[in-house]
Amino acid sequence: MRLKNSLLCILLVISASAPALEAVPPPVLTPLQQQAQAAHLSAQFLTRFHYKPVPLDDVLAGKIIGRYIKSLDPEKFFFVQSDIDQFSAEHSKLDDGIYREDLSIPFAIFNLYEQRVVERLTYARELLKQGFDFSKKEDFAFVRDKEPWPQTEAESRELWRKRVKNDWLRLKLAGKNDQAIRDTLTKRYDNSLARVYKYKSDDVFQIFMNAYASSIEPHTDYLGTTAAADFDISMKLSLVGIGAVLQERDEYTTIRELVSGGPALLSGKLAVGDRIVGVAQGMQGPMVEAVGSRIDEVVKLIRGAKDSIVRLDVLPADAGPDGKHRIVTLVRNKISLEQQAAKKTIISVKSGDTTRKVGVITLPAFYEDFDGRRKGEKNYRSASRDVAALLSELKNDKVDSVLVDLRNNGGGSLNEAINLTGLFVGKGPIVQQRNARGEINVGSDDLPAPLWSGPMAVLINRGSASASEIFAAAIQDYGRGVIIGEGSFGKGTVQSMVNLDELTRNDKPKFGELKMTIAQFFRINGGTTQLRGVTPDISLPGFSDPDSFGESSYDNALPWSQIKPADYVPLGDVKDLLPQLQVRHDARVEKDKDFQRLVEDAEELKALRKKRTISLNEAERRSELAVQEARLKAREKADGKDADKDKEPSLDDGLQANERSLSADLAAEKAQKNAKDVLLNEAVRILGDASDLIKGNPKFASQQRK
């Protein structure tokens, strides 16, 4: 093909205007026959059986190429505009190539990508031989996803000059001398170069097929034989690790979900959206850089023997461009059902002259012992069964109300979401589900009467997804309780695994698997939880970025839609309480120092996220850091603390994973672990207010029975 030949020529001939390269060109990778067959088979299945079937034509081919290029070069540091023009001119041949079992186009693009990486990093190493003028007024666009591609090789080299200058300046601001900076960056760029030579044909195929699958919608994925094996292990929770679902996002391995009962969640040190930039073994092992690494390589580093130690270098989800990393030390362990179990606490809260007891049920996942249920075990464990037992205990404790905390609960069993809702609403429809044929099924609970009919509320955040949204939406639609917190994730779709080897009756893994969307959830009021999620009745501030986390962050998410409401009868009208609850909430948090600081931090983070360029002038950068330091000292002084005593570094030290000591971030971990849960405390107070308003109100008499 013309594209294949022209790109291979580029691999062999370097422009005369480019600097001489010393690095050995990476090997040219070619597709395997079974990969081409797997692509063809996947295309046949996706175009026929997906919930949103999309024909593989020139239009979809253009989207696939665009997503494939973005997955390779998300910040536009490697390709130039002429490369993109050439890829775009050939995209109409991609769909025909897949049906002909010819993958030369995506492999040619990847081979050119590898060559560009070698060129750029070799040039970056050359730049380290010279110094930089940090008195010059110039900026660097460090967030480049919306920037234009460099038009020429000269523009690309100028971009890399600024990138290397910024790397140098960060280390300079951290107090390192020129030689230490040069050594550190040389090692960093050498490590990045070394990764280029480790790519295999399977890696290229996996990246390309993910680009194809996710071009249809975000939750459709392709898993090659290795990725499929890893997925099976994670679903069975049988492999010892940290209990985190990871995803690749903009060169970072990012935490997509914290598995309930896992070391990561139990530690309280990690959050959804945190980026893992390095992994080390034991307390003394060297930190291995993870930025830009394939996710399977990072997963292998994180896994290990039970009770062994793994250290993670983490760039927090709420960190800005100069944000400080922290080291998180975890002990690997298997994830047991007991560790996932729902837990209860009782918090006393004063509302007016009355002190009320609020029972808090924390539910990390909608879990269910599927094997126990299948075997007919009488006392198999499940989320709804455990919560029912806790509700009985809370009744004996004579609590006034119950708060269900679903923050960062990524979902789980649909049956458990239905059963759990029934504990609070009794018999009736809970959720509707529409399949690809347009058939609608209503999921209902048959509990004759609710186990808890007193005041209740649900606390959610951006990490509350799927089954959590079904529960919260039903509670809201029935008018049964107050929904508090952030808007939820917005995942209202159902996926199923399709084993391509089983379909073709292969004895050994060959073609991999498809994770494919097959249905969509709808609320009983007719609206879907897809895209919009559940909107809280009383909003609390959060740190999640809707542009990078949640269903709305995907550019091709399925749209919000609506069907007919289910046949249900509301149990109350919490909306009548909301104006008074909001007034009390606003008045209270205005005087709450901890809450106002949380609001301040959230606003500062929001402003930081809008920042896409950074100064390369040393004086300006030092001034920015001084402002941050002054803000921290002022806050500590207001708390009556010594701002300089035992204070952890508040700013990034300029180092990456393999360049940092273990002790630098221990104080930050301790502060995070010991911090008051401001949002939970306020949610409890809101529910206390609701109990106060409900008491004696005939309209809510049904909510007073316990």
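Where in the chain is the place of R505? R505 lies in the loop between helix 18 (500-503) and strand 17 (513-522), where helices (H or I, at least four residues) and strands (E, at least two) are DSSP runs numbered from the N terminus. The model is predicted, so that local features need pLDDT of at least 70 and side-chain atom pairs count only at pLDDT 80 or more, whereas totals for chains, interfaces and linings use all residues. Residues are numbered from 1 along each chain as its sequence is written, and side-chain values use heavy atoms, with hydrogens and water left out.

Most residues other than glycine have a negative phi. R505 is not a glycine, yet has a positive phi of about 60°. With a relative accessibility of 75%, R505 counts as exposed; the cut-offs are under 20% relative accessible area for buried and over 50% for exposed, with partly exposed in between (1.4 Å probe, protein chains only). A positive phi of about 60° is also found at K76, again not a glycine. K76 belongs to the loop between helix 3 (58-72) and helix 4 (81-90), and is buried, its relative accessible area being 13%.

Across the whole structure, a search gives 17 aromatic pairs. Rings of Phe, Tyr and Trp (its six-membered ring) pair if their centres lie within 6.5 Å; planes under 30 degrees apart count as stacked, over 60 as edge-to-face and the rest as tilted. F110 and Y199 form an edge-to-face pair, with 5.1 Å from centre to centre and 85° between the planes. This pair links distant parts of the chain, 89 residues apart: F110 is in helix 6 (residues 104-127), and Y199 is in the loop between helix 8 (178-196) and helix 9 (201-216). Both F110 and Y199 are buried. One aromatic cluster is formed by F77, F78, F79, F87, F110, Y113, F140, W149, W160 and Y199.

The axes of helix 16 (residues 414-425) and helix 17 (residues 467-477) come within 9 Å and cross at roughly 25°. Axes are lines fitted to C-alpha atoms, for helices over the stretch in contact, and angles run from 0 to 180 degrees between N-to-C directions. Helix 16 and helix 17 are therefore roughly parallel to each other (angles under 35 degrees). In helix 16, L414, A417, L420, T421, F424 and V425 meet A467, I470, F471, A474 and I475 of helix 17, contact meaning heavy atoms within 4.5 Å. By class, this contact has 10 nonpolar residues, one polar and no charged; Ala, Val, Leu, Ile, Met, Phe, Trp, Tyr, Cys and Pro count as nonpolar, Asp, Glu, Lys and Arg as charged, and the others, Gly among them, as polar.

Definitions and conventions:
Angles under 35 degrees count as roughly parallel, over 145 as roughly antiparallel, 65 to 115 as roughly perpendicular and the rest as oblique.
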